[in-house]
Amino acid sequence: MTMSAGWYLRRLSRMGPREIGGRVGDTVRRRLWRSARPDCPSVTGARFTAVLPAGTVAAVPPDAAKRLIAEADRLMAGHAEFFGVDRDDLADPDWWYDPKTGRRAPWGYAFDVPYRSEDAVGDIKQIWELSRHQYLTVLAAAYAVTGNERYAERVAEHLRSWWAANAPLRGVHWTSGIELGIRLLSWVWIRRLLDGWPGAAGLFEGNPVALNQIWHHQRWLAAFPSRGSSANNHIIAEAAGQFAAACAFDWFPSSPRWRADALRSLERHLRGNTFGSGLNRELATEYHGLVLELGLAAVAEADTADVPVPATIRLVLLRMTDALAAVVDNRLRPPRQGDADDGHGLIVDGTGTDRWASLLATGDAVFGRLDWWPAVTGTDVRTPLLAALIRPYAKKGTAPAVTRPAVRPGHFADAGLTILRGPEKIWCRCDGGPHGFLSIAAHAHADALSVEVRHDGVDVLADPGTYCYHGQPEWRQYFRSTLGHNTLQLDGVDQSASGGPFLWTRHAHSRVLVADPSDTSERGTARWVAEHDGYQGSVHRRQVELTAASQELRVVDEVRGPRRAVRLAFHLGPAIAAELVGNRAVLTWSRDGEDRSAALDLPGQLSWRAHRGASNPPLGWYSAGFGRKEPSTTLVGTGFADGTEGFTTVLRFHG
């Protein structure tokens, strides 16, 4: 996908004067850097002191270590999977190759590379992901746990290969700050985890090539921060990586300045990216996880280097952790809201480790769990490593006194997110929040008033996910469209207006009128009412009630305004089989070997059809992760709204 001139004009229209001025300065600097590439200052006597405390690795649970080693052995055999594409070339990877399209990114000055063009470069996510070097942190962790030097030697081989192939400012891996920031964080952890290996110092602080790469990465990040309308999770990754490197690799004359500037940026943008309730302002759950991981990793470096951090940083991370504990379902799955690209801040675990359980376990170790937090039964490698470096929150001087929720929150007013919980492990997310973050709302979906319903962790009414960013515009459009969510569409258009794959030029505004998410376990009823103005001349209002006694979820949609064409969609999870007769669908699935069922009574005023795996146009799909999609059933009702009566949908779970 190559951006058109029209896209650039629309993008410019969403910027303020300060951002435009900053971007003009960036353009001038890029031109100057083309011919002026200074050498890394001379470094002598560098030592790495940011090591793990003695006994840390011994605290890794045996089952977590077993998963880690299995993953590391798979990587040693050259096998990995990124975004739905299996690779078998990791024994000796080509750093610029995209296995999805078979294309190879061109060589040249970094800022000349058209990385948004799949025709010229390939799928940029496929190329970038390997060079975040998070698979190397897994191999380094395997060395730390086992002492087997073959893991360390493979890490060293790949780092030397990457450094040789990716000279500073040459090629596609020097085009995006988030990539440089995450890569620096990976290098810090690789050096830490390899500390017992005799070749570690010679690979890093004793290696002029490594020193040059580390210095140029930090110089780049200091010069080209994400700005203004782009200051979302990207700036957090840039600041966290810069700060981590300036703490752990503090070998350069500029290290103190880089460290101070990155810490200021991290504090400012962690606050700016997070609601007071603790939820991420992008309203994209996976980015909540990414930012929390990055923030925890940055604090670990600060505490290891004995660098004071503003109390607000720990406070934001505490609130993010409490918010995560509040919104997950009984299987520790959070909402599937907004964009998701499987991005992680730090990976040291094997396949099968639950990301969200890991974050909650780390939160427990660092902040202390509250009585209402869900129990975490899984294990992971990362928690004992981070917990060994981060000072406990309750320790004197680490944080101010703060009041934490006494009971599990169900409504987050600033984020417009409400969780209704019922008996038999019924979980329902209601969306009445802002349309994303900042003027472009890059990772938002047109999902105002959508609902997401699970039964014992199984997606019943599902958020279909994200699937892709670049290269497949029709799929990008579908997965973030109004029709692609469990909500109501008028006149065949989205509630908010898209200006491109990461740009919204008009935002629907929602407001929550009633939010009573009280626990329904004692045969009560939880209720939520909200409306949005995304359709000019009309208002869509939705009421949701979850009643314990009948295990019934009732959704009533009203359209106030002139007569308009309606499409009401309900997307079923991939595990759900549906038999639609008239306006009733019988839903069946199984969980842990037990058959389950529900009845979905749909509004009789509309004509209903089931769609599954359609491609032209896309309809009836579920994406469990970035780059992966599978057919699922979508029920779509069509008709007209004339403002005289609402559309009532009832989902009733059986026994």
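This short talk walks through selected helices and loop residues of the structure shown above.

The model is a predicted one, in which local features need pLDDT of at least 70 and side-chain atom pairs count only at pLDDT 80 or more, while totals for chains, interfaces and linings use all residues. Residues are numbered from 1 along each chain as its sequence is written, and side-chain values use heavy atoms, with hydrogens and water left out. When I speak of helices and strands, I mean DSSP runs numbered from the N terminus: H or I of at least four residues for helices, and E of at least two for strands.

Let me begin with a pair of helices. Two packed helices are described by the angle between their axes and the distance between the axes. Helix H2, residues 17-35, and helix H10, residues 208-223, have axes that come within 11 Å and cross at roughly 150°. The axes here are lines fitted to C-alpha atoms, for helices over the stretch in contact, and angles run from 0 to 180 degrees between N-to-C directions. The crossing makes H2 roughly antiparallel to H10; angles over 145 degrees count as roughly antiparallel, under 35 as roughly parallel, 65 to 115 as roughly perpendicular and the rest as oblique. Which residues in H2 meet H10? They are Asp26, Arg29 and Trp33, and from H10 come Arg219, Trp220 and Ala223, where contact means heavy atoms within 4.5 Å. By class, this contact of H2 with H10 has 3 nonpolar, no polar and 3 charged residues. In that scheme Ala, Val, Leu, Ile, Met, Phe, Trp, Tyr, Cys and Pro count as nonpolar, Asp, Glu, Lys and Arg as charged, and the others, Gly among them, as polar.

I turn now to helix H3. This helix covers residues 62-76, and its 15 residues reach 21 Å from first C-alpha to last, close to the 21 Å expected at 1.5 Å a residue. The expected span is 1.5 Å times one less than the number of residues. In H3, the residues Ala64, Ala65, Leu68, Glu71, Ala72, Leu75 and Met76 are buried. They cover an arc of only 140° around the axis, which puts them on the same side of H3; the arc is that of the directions from the helix axis to the C-beta atoms. An α-helix has 3.6 residues a turn, so residues three or four places apart point the same way. The face of H3 turned away from the buried side carries the exposed residues Pro62 and Lys66. Buried means under 20% relative accessible area, exposed over 50%, and partly exposed in between, with a 1.4 Å probe and protein chains only. The cover over the buried residues of H3 includes strand S1 (80-82), helix H6 (134-146) and helix H7 (149-165). After H3 comes Gly78, with a positive phi near 95°.

How many residues of H6 are buried? The count is 10 of 13, and H6 is thus described as mostly covered. Among them are Gln134, Tyr135, Leu136 and Tyr143. The buried residues of H6 pack against H3, helix H5 (124-130), H7 and helix H8 (177-193). H6 is followed by Gly147, whose phi is positive, near 75°.

In the loop between H5 and H6 sits His133, which is buried at a relative accessible area of 0%. Leaving aside neighbours within four places in sequence, His133 is in contact with Trp95, Leu159, Trp162, Arg183, Ser186, Trp187 and Ile190.

Another buried residue is Ile235, with a relative accessible area of 3%, in helix H11 (residues 233-248). Ile235 and His269 are 34 residues apart in sequence, yet 7.2 Å apart in space, C-alpha to C-alpha.

Finally, some backbone details. Most residues other than glycine have a negative phi, and most peptide bonds are trans. Leu449, in the loop between strand S5 (426-431) and strand S6 (451-455), has a positive phi of about 70° although it is not a glycine. Leu449 counts as buried, at 0% relative accessibility. Asp456 has a positive phi as well, near 55°, and lies in the loop between S6 and strand S7 (458-461). The peptide bond from Asn616 to Pro617 is cis, with omega near 0°, and Pro617 lies between strand S20 (614-615) and strand S21 (618-619), in the loop.
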